[in-house]
Amino acid sequence: MFLRGRRAVLGAAAVLSLLLAACGEDAPSDDAADDAQEEGAEPEASGPIEWWSISPEDSELGIVWSQFVDEFNTQSDAQVEITSYENDAFKTAIATAIQAGDPPDMFQTWGGGVLRTQVETGQVMDLTDELADVIETISPGALAPYVIDDRVYGLPYNTGMVGFWYNTELFEQAGITETPETWSEFLAVVQQLKDAGITPIALGGSDLWPGHFWWSYLAMRIAGLDAFVAASDNKAFDDPGFVGAGELLQELVAMEPFQEGFLAVGYEEADGQAATMGNGEAAMELMGQWAPGAQIDWAGLEGADADQLVETRSWFPFPEVEGGAGAITEIFGGGDGIAVAADAPEATLEFLRHVYDRENFSAVTDTSGNVPVLADGEDMLNNQALLPLMDALAVGTGFQLYLDQDYPLAVGTQVNESVGALIAGQMSPEEVVTSVNEVWARE
């Protein structure tokens, strides 16, 4: 099963109030409460651990979550209760809870800048020691979005990354025997494909977000991940690497590497980016882990033809930029994880141990078709085309979320629009950065 689309998903959980039963004649005296504390007795919880989720109850993942809850509730005195929210309604509810200083016991998170803010305001539990046994089973690349200042504040349950999907047959036709590891080597591959009469790159220019992958990765490779953290702190892309990213992208565009009419088509449509790749009309695309499935769908392939496409698709990470601060092992992508409120009860952690039990967790991976987040999860992989991504995540040294997830929505939207204008020849690299910073200054 393939994940067939780029989804920005955010999930969450509600708050558990821990209260002593203290009403009328049944209320314990202060002395009795003190005696209970001295004897190590824990206060009685007044209600269940509530979990807000954006997975619909009848969805594959929603059903799995419910199964985990039922299993846990039969084994524990503590009880977990799920409430499902529509995505936008949840965002409003969780924002209100966080602002009130009353965050949920558990909540799904993208990590990155939003999680960092929650950590800095004391809303989120440091899981580094509390769940060390679970953390050590997770792939470093998948865990990276939830690591703040070398401490772990969330656990991923699915993950994905952007990289280059390429047609091995077209590479062979052009005489390309090795995938590029540096930007100059990548440009050489582009030229070699052009010389062979092959369109090097498919791009859905009208959708804008596929183009922002290019600028974001180039900025990562030139400026390094610390520059993105600084941008969040300063609310501005101040590092010169962000202008440099536009300059390198501008040079690529000047080579005319994309399919004819790319500015007028989107990612998912009959003659768009996915279909161009699926029909073998371009050699490469920069896209997430869902790409092979989208190529099959939009090229209208079935049966043996679909199998053949998967056999002729491979993957390589975005190359390094010579002299840049970033590394080829630093990843751009997104995923879903679970964070825990700073004052959540101990039973919340026990529930997470139940979820991340290896046998249980395989059911989560089955529902997503994504790269398994467990470090030794090769046997859970239900799409062998994703094996190179799993290898990359296993050695990942850093992770940058999609910018429209990591930064305010208006900022991410402006990045998409400005980079689209750069690719269309309507903005300069400097103007891209200025336009984004102007929006950020108003946030």
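Modeller: A residue is called buried when its relative accessible area is under 20%, exposed when it is over 50%, and partly exposed in between, with a 1.4 Å probe and protein chains only. The model is a predicted one, in which local features need pLDDT of at least 70 and side-chain atom pairs count only at pLDDT 80 or more, while totals for chains, interfaces and linings use all residues. Residues are numbered from 1 along each chain as its sequence is written, and side-chain values use heavy atoms, with hydrogens and water left out.

Seven of the nine residues of H13 are buried, which leaves the helix mostly covered. After H13 comes Gly300, with a positive phi near 70 degrees.

The three covering strands belong together: they form an open sheet in the order S8-S7-S9 with antiparallel pairing (two strands pair if DSSP finds at least two bridges between them). S8 and S9 each have a single partner strand and therefore stand at the edges, so that one side of each lacks a neighbour in the sheet. On average, neighbouring strands here are turned by 30 degrees against each other, direction ignored (axes are lines fitted to C-alpha atoms, for helices over the stretch in contact, and angles run from 0 to 180 degrees between N-to-C directions). The antiparallel pair S7 and S8 is joined by four bridges; in one of the pairings, Phe164 has Leu286 of S8 as its bridge partner. Helix H8 (residues 183-195) also packs on this sheet, where it touches S7, S8 and S9, and its direction makes about 140 degrees with that of S8.

For a pair of helices, one may turn to H19 (residues 409-423) and H20 (residues 429-441), which pack at an angle of about 160 degrees with their axes 9 Å apart. H19 and H20 are therefore roughly antiparallel (angles under 35 degrees count as roughly parallel, over 145 as roughly antiparallel, 65 to 115 as roughly perpendicular and the rest as oblique). Residues of H19 including Val411, Val415 and Leu422 meet residues of H20 including Val432, Val436 and Trp440.

Val433 also lies in H20, and counts as buried because its relative accessibility is 8%. Beyond four places in sequence, Val433 is in contact with Trp215, Phe237, Phe242 and Val243 (contact means heavy atoms within 4.5 Å). Phe242 is 191 residues away from Val433 in sequence, yet 6.9 Å away from C-alpha to C-alpha.

S1 (residues 49-53) runs parallel to S2 (residues 80-84), and five bridges join them; Trp52 is paired with Thr83 in S2. Helix H2 contains Asn73, which counts as buried because its relative accessibility is 18%. Apart from residues up to four places away in sequence, Asn73 touches Ala78, Gln79 and Val80.

Note on methods:
Helices (H or I, at least four residues) and strands (E, at least two) are DSSP runs, numbered from the N terminus.
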